[in-house]
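Keep the viewer open while you read.

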Amino acid sequence: MTAPHVPHPIHRGPHPSMAPGFVPPPPPPNVKQDAAFAVRFLGTGTSTGVPLIGCPCAVCQSADPRDRRLRSSLMVRLGGRVLIVDTGPDFRGQCLRHRVPRVDAVFITHAHADHIFGFDDLRRFNTLQGNAVIPCYAGPATLAALHRVFPYISQKRNAQGLYRPLIDFIPATVPFEALGARLTPLPVVHGDIETLGLRIDFAGRALAYLPDVHVIPEATLAQMRGLDLLILNMLRPRPHPTHLALGRALAYAARIAARRTLLTHLSHDYTHAQLLPHLPPTVTPAHDGLALTLA
Ligand SMILES: [Zn+2]
Ligand SMILES: [Zn+2]
Ligand SMILES: [Zn+2]
């Protein structure tokens, strides 16, 4: 005989996060509360993540938390608002770990799986933000790929109400204003698909984020002058057909000459500690959770 179903008290009534006046959790620690312009690395790993599944190497077995690299993603605080660059397969866990308080806009660099497969989890932020539509900026080919991979997102709401992200897809081809910042799409070469880096100018400071790049065209280099922070792809020591390896990443870093350069989209070829001695003083590896305030 089966006992009658009695609803557990925890399931009664609307969830507290739906209540009027609900305030989302506070921003993560070690970003200044009043910081106008700050970044936090949600992930700094290459497409596999580090450790790799089933890999016995010293990097994958490292006990140093800086060697645990989720798929690359960046949270940018612009005043009280939050821009997310890329929503990879780890996006939900990254939001939980780093207590991402809200998402006011998204920029997608390109449509490889390690940058878009968490896109559906944006729907939670629609709910948290009163069903506000979230703008998503990307190049036209990347937007077309997002529509192919997540066709239900752009469908009209059906009678039952399809639970899906509410997104305003906006092509990014030229510099534009969003969240009070100037955002400049930076076309770069990364294999044979359309890929963008992103320059952000806000509160008198500037950063550029290029997680997946093999070649930076001259026209793009010309758009990267006067950077306070450069965040640049550095996959591994050996050359790779679609990513920057150490030597060329450092050559670009020297030429771009940002005040500070951080390396991201890292493989399992170096521990954080092993990489440090190979780098000049203004260049360091990023790691998951690293937070910096620009202004
Ligand atoms: Zn990638
Ligand atoms: Zn490994
Ligand atoms: Zn890629």
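1. First, a term for what follows: a residue counts as buried if 20 or more other C-beta atoms lie within 10 Å of its own, exposed if 12 or fewer, and partly exposed in between, with C-beta atoms placed from the backbone. Valine 133 has 11 other C-beta atoms within 10 Å, so this residue is exposed.

2. A word on the source. This is a predicted model, where local features need pLDDT of at least 70 and side-chain atom pairs count only at pLDDT 80 or more, while totals for chains, interfaces and linings use all residues. Residues are numbered from 1 along each chain as its sequence is written, and chains are lettered from A and ligands numbered from 1 in the order in which they are written.

3. The overall picture: the chain has seven helices and 14 strands, taken as DSSP runs (helices H or I, at least four residues; strands E, at least two) and numbered from the N terminus. Of its 295 residues, 40% count as buried. Two residues are in contact if their C-beta atoms, placed from the backbone, lie within 7 Å. Among contacts between residues at least 6 apart in sequence, 65% join residues at least 24 apart.

4. Back to valine 133, which is found in the loop between α3 (123-128) and β5 (134-138). Neighbours within four places in sequence aside, valine 133 is in contact with Leu166, Ile167 and Asp168. Aspartate 168 is 35 residues away along the chain, yet the two C-alpha atoms are separated by 6.4 Å. Aspartate 168 also turns up in β6 as the bridge partner of proline 135. Strands β5 and β6 pair in the parallel sense over five bridges; two strands pair if DSSP finds at least two bridges between them.

5. Those two strands belong to an open sheet of seven strands, in the order β6-β5-β4-β3-β2-β1-β14, with mixed pairing. Its edge strands, β6 (167-171) and β14 (291-293), each pair on one side only.

6. Another open sheet of seven strands runs β7-β8-β9-β10-β11-β12-β13, again with mixed pairing. Here the edges are β7 (176-178) and β13 (283-285), each pairing on one side only. β13 pairs in the parallel sense with β12 (residues 260-264) over three bridges, and leucine 262 stands opposite threonine 284 in β13.

7. On one pairing, five bridges join it antiparallel to β9 (residues 195-202), with aspartate 201 partnered by alanine 206. β9 and β10 form a hairpin with two residues between them, and alanine 203 in the turn has a positive phi of about 50°. β10 also pairs with β11 (residues 229-233), in the parallel sense over four bridges, where leucine 207 stands opposite leucine 229.

8. Which residues have the most contacts inside the largest nonpolar core? They are Phe107, Leu198, Leu207, Ala208, Ile231 and Leu232, in a core of 68 residues. β10 gives the most to this core, with five residues. A nonpolar core here is a set of buried Ala, Val, Leu, Ile, Met, Phe, Trp, Tyr and Cys residues joined through C-beta atoms within 7 Å. Not counting residues up to four places away in sequence, alanine 208 touches several residues, including Leu186, Leu198, Met224 and Ile231.
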